Amino acid sequence: MADTNQTPRPETAGETRPAVEFRDISIAYGSFVAVRDFSLAIAKGSFVTLLGPSGCGKTTILRSIAGLVDISAGQISIGGKRVDDVPIYKRNIGLVFQSYALFPHKNVFDNVAFGLKYRNVPKPEIARKVAQALEMVRLPGSERKLPSQLSGGQQQRIALARAIVFEPEVLLLDEPLSALDANMREEMRVEIKKIQKATGITAIFVTHDQEEALSMSDQIVVMNAGRMEQIGSPEQVYEAPATGFVADFLGKANMLPGIVSSSDGARTTIALAAGQTVSVAAALPPGRAVTVVVRPQKLSVGAVPSGNRLTGRVVSTSYLGGNAIYEIDIGGGTTIRANTQISGPVAAEGQTVELAFDAAACVLLDEHGQRIPVLPGRQSNAKTSSASTSPRQQ
Amino acid sequence: MTARRGNTEGRLAWRMTGIITLCVYIFLFAPIVATVVLSFNDSMFGGFPMTGFSFRWYAKLWENEQVLAAFQTSLWIALVTATVTTAIGLVTAFALVRFEFAGKELLSTLVILPALVPETILGVGLLVAIKAVDQPRTLPLLVLGHILLALPYVVLIVQARMVGIRRIYDEAALSLGATRLQSFREITLPLLIPAVVAGALLAFTISFDNTSASLFWRPAGVETMPTQILSMLKISISPEINALGTVMILVTVGIPLVGGIVLQSLSRMKRRDQQRET
Ligand SMILES: Nc1ncnc2c1ncn2[C@@H]1O[C@H](COP(=O)(O)OP(=O)(O)OP(=O)(O)O)[C@@H](O)[C@H]1O
Ligand SMILES: [Mg+2]
């Protein structure tokens, strides 16, 4: 048992076998199905985030890897081996909880050494590894302290050290930052990412905070009601949301329903329900109902260069120094949000303004809320759930 | 005007509450104090006035074979009861808090029931049951009865503590490579220890000074301390009984006290050890 954990981690380059693989798993609590037909392959050494609203099944999936909940269908493999019948204590997994879960009656040393002790690591080796792990989480010399003598952030670092010290196959983190205050959260975010890179460990991170997901992940899995909505790099998920849900959940995009009025094969004109028209680079049959998705950050207000134009009346203005956020009524009861850099005077409430956005900056959704993959240069692997993910090149 | 009157009334009510409380405490503790004081009385009669200070009643107790035998019996019964009850109570409380199983509510109710049923009824009931299956009253059956009586308290105490020990400690230990048994031994049990010790001490005390149930269940010729005192009282109120009462008080109050102190110093020592070791 000990030797497999003691060998140094093999180079991840050229490794094709996924670190963790879900194949069509479903998980039910009694008659309630929390996760449905979930498939995902996670490449070795990557940082994958499960992102979604509360109750969508993120924790459930994470716990199924650890063996803390039983799957009712499908299979899970860790390092290429099926783990359905492997009990939790043999799965070689590092777990970090939202509420730290440090053993309150054991000091920092004994907490961190716990996993090594049960892997029959010799004592001097344990001492060396614990010291190294504490060094890594920047809390050297804290061995004798009890968890109750540490701050929340420090406790979470110790929990992290405890979870990585025995070099587990996968590191599972369930909202590890949400119990910390805002400043600490940002600091820990950077730190966790740094440690993950340094150790090359495969990490699966659960959060409902989109900022955390966007800033830390190689791949983001957006979930909704027990299903995967989209998987992709942070850019892909943000720039090319596969569904209306993703567009709305990540960054509250503007959704403008409309109907295709004319198309010449390369450009399509859409008549918005708001009464104005926009044109996009796509070929769509006239009469088709679509939704145009535009991020508030992609809209410019005031001095308008080119692209699609809309006019509207400013309902509210939030001045944020470098930026301003406008709520603009474009008619037909539609209000859109624009978050723009300020150049020139800030538009006042009640003022009529021009809005513009690039045709390439919007995404089209069909009547089922699925993205219509037509915009050139925006091909992405959205909804390719079986695709193997790989660490983002930097 | 009214506020002022309300105020004086309030003050009066407080004073009355104080006086009544004092009376209750005097009523509760005066007999105990009297027993302890009178056990050192030199007089032949077990009452006031004191005629001098002496240990003669203790010396006499020491020579009373019957009393010594009863003391030994009670001590053994209490020790066995405490040990067995603590073990069963620990497992039961653990199962009740951590696992879902059919009949959980029923088990929970059954375990607590002896604490709710009047002891006399329980005593008669068990006696009738023993008679019904035509068994003689034996010492093991007496111990069994005591276990039944003490179990609810141990389960309630351990359960209360168990609820406070979050499951994620166990989950963390398992994820780190400990088996369920190892996790219980190294994580859950140490966190439970205060409740386990408290439960054991309470079980000991409940058994040691149980009177009514023991009266029903003891085999012929066997006396426990409380039944011994009762039978001595039937003859006369000898000052020896005061001495015996004092010994009982010492045991039932002293043992939990000593247990608590030992536990506290143990955990303090352990903490110091940990700090030195690493
Ligand atoms: N032990 C359980 N028994 C029954 N239902 C459960 C249990 N645990 C979770 N659920 C349900 O399963 C669904 C998914 O829960 P899960 O904890 O995975 O959500 P989550 O995405 O982690 O949410 P959050 O962001 O709030 O932590 C929820 O609807 C929840 O009510
Ligand atoms: Mg959760």
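Reply: A polar contact is a pair of N or O atoms within 3.5 Å, where within protein one must be able to donate a hydrogen and the other to accept it, and residues adjacent in sequence count only if both atoms are side-chain atoms. By that rule, seven residue pairs are in polar contact across the interface of chain A and chain B, both residues being at pLDDT 80 or more. This is a predicted model, in which local features need pLDDT of at least 70 and side-chain atom pairs count only at pLDDT 80 or more, whereas totals for chains, interfaces and linings use all residues. Side-chain values use heavy atoms, with hydrogens and water left out.

Me: Why is the pair A:Arg63 and B:Glu171 called a salt bridge?

Reply: The term requires a side-chain nitrogen of Lys or Arg within 4 Å of a carboxyl oxygen of Asp or Glu; the closest N and O atoms of A:Arg63 and B:Glu171 are 2.8 Å apart, so the pair meets the definition. The count between chain A and chain B is three salt bridges.

Me: What makes up the area buried between chain A and chain B?

Reply: Buried area is the accessible area (1.4 Å probe) that two parts lose on being put together, summed over both; here it is about 2400 Å², with carbon and sulfur atoms giving 61%. On the side of chain A, the residues losing the most area to chain B are A:Tyr89, A:His105 and A:Tyr118, together 27% of what that side buries.

Note on methods. Residues numbered from 1 in each chain as written. Chains lettered and ligands numbered in written order.
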